[in-house]
Amino acid sequence: MDYAEEVRKKSIVEEDEELRKYTVTPLYRNDYRILTIHMYNPWVTEETIKYFLGRYVTVLPGVRKIKDGLGLWTGKRQFRIKLNTDMDSEDGYCHPPAVFSIGADRGFLVYAGQPQACRKCGSTGHNADQCDQVRCRSCGKLGHITKDCKEPRRCHLCDSDAHMARDCTKPRPYSAVVKTGLVEEDRSEFNNDV
């Protein structure tokens, strides 16, 4: 919680008439963040990642590829996002999962103010080394792993049970676009010819 909100709540609790005359407004937007995402498969397209993130946040225009000191891409991308409101959460915002899958491709993300969550079960309040729960990567429920899942498989992008992420028509995967010949395959960004 930010300082402005603490002052506002204090004025209500203490019934301070002088403080109640004022409205405390922070000079920054607490719901705007820079989100860094790392996909283990660098060929997952930005459109696919934006579509996945759109289930949790509003993705703003502009993507930045993170490069190392030699100018080589590290596989990480930065997105500007606006957190959606969620009155059921502790801070009032909907947060995307820190560790996730888009089809067979796994990734993780980090941003300022991100709640600490367990990598195994996704719950807050403990870390993975203290966790005795398991969460299915297919249906998202606790208590079983993916190979033991009885639920129908769902698309990780649009949450449909009619198809898998590899067949989703919402954002097209890079491999499908290359196969149709709409773009030429360009891997020069990943060449180590320096």
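1. A residue counts as buried when its relative accessible area is under 20%, as exposed when it is over 50%, and as partly exposed in between. Asp 161 has a relative accessibility of 47%, and therefore it counts as partly exposed. This residue lies in the loop between strand 5 and helix 4, the latter covering residues 174-180. If its neighbours within four places in sequence are left aside, Asp 161 is in contact with Arg 153 and Arg 154. Between Asp 161 and Glu 151, which are ten residues apart in sequence, the C-alpha to C-alpha distance is 9.6 Å.

2. Before going further, please keep in mind that this is a predicted model. The average pLDDT of the chain is 78, and 75% of the residues score at least 70. For residues 181-194, however, pLDDT stays under 50, and over this stretch the model has 17 contacts beyond four places in sequence.

3. Turning to the overall plan, the chain contains four helices and five strands, and, read from the N terminus on, these elements follow one another as α-α-β-α-β-β-β-β-α. The chain has 194 residues, of which 29% count as buried, and it exposes about 13100 Å², with carbon and sulfur atoms supplying 49% of that area. Among contacts with a separation of 6 or more, 47% are made by residues 24 or more positions apart.

4. Strand 1 deserves a separate paragraph. Six of its eight residues are buried, so strand 1 is largely enclosed by the rest of the structure. It is joined to strand 3 by seven bridges, the two running antiparallel, and within this pairing Arg 33 has Ile 81 as its bridge partner in strand 3. Strand 1 also pairs with strand 5, again in the antiparallel sense, over five bridges. In strand 5, Tyr 111 is the bridge partner of Leu 35, while Phe 108 is the bridge partner of His 38.

5. Strand 2 and strand 3 (residues 73-83) run antiparallel and are joined by seven bridges, with Arg 64 finding its bridge partner in Gln 78 of strand 3. Strand 4 pairs with strand 5 over four bridges in the antiparallel sense; here Phe 100 has Gly 107 of strand 5 as its bridge partner, and Ser 101 stands opposite Arg 106 of strand 5. These two strands form a hairpin with two residues between them, and Gly 103, which is in the turn, has a positive phi of about 65°.

6. Which residues have the most contacts inside the largest nonpolar core? They are Leu 35 and Leu 53, in a core of 22 residues. The elements that give two or more residues to this core are strand 1 (32-39), helix 3 (46-53), strand 3, strand 4 and strand 5 (105-111). Leu 53, if its neighbours within four places in sequence are left aside, is in contact with Leu 35, Val 59, Phe 79, Pro 96 and Leu 109.

7. A last point concerns Cys 94, whose place is in the loop between strand 3 and strand 4. Not counting residues up to four places away in sequence, Cys 94 touches Tyr 56, Val 57, Leu 83, Asn 84, Thr 85 and Asp 86. Cys 94 and Asp 31 are 63 residues apart in sequence, and their C-alpha atoms are 10.0 Å apart in space.

Methods:
Residues numbered from 1 in each chain as written. Predicted model: local features only at pLDDT ≥ 70, side-chain atom pairs only at ≥ 80, totals over all residues. Heavy atoms only, no water. Buried < 20%, exposed > 50% of the residue type's maximum accessible area, 1.4 Å probe, protein only. Contact = heavy atoms within 4.5 Å. Areas by Shrake-Rupley, 256 points an atom, 1.4 Å probe, with all protein chains shown as cover. pLDDT = per-residue confidence, 0-100. Pairing = 2+ DSSP bridges. Core = buried A, V, L, I, M, F, W, Y, C linked by side-chain atoms within 4.5 Å.
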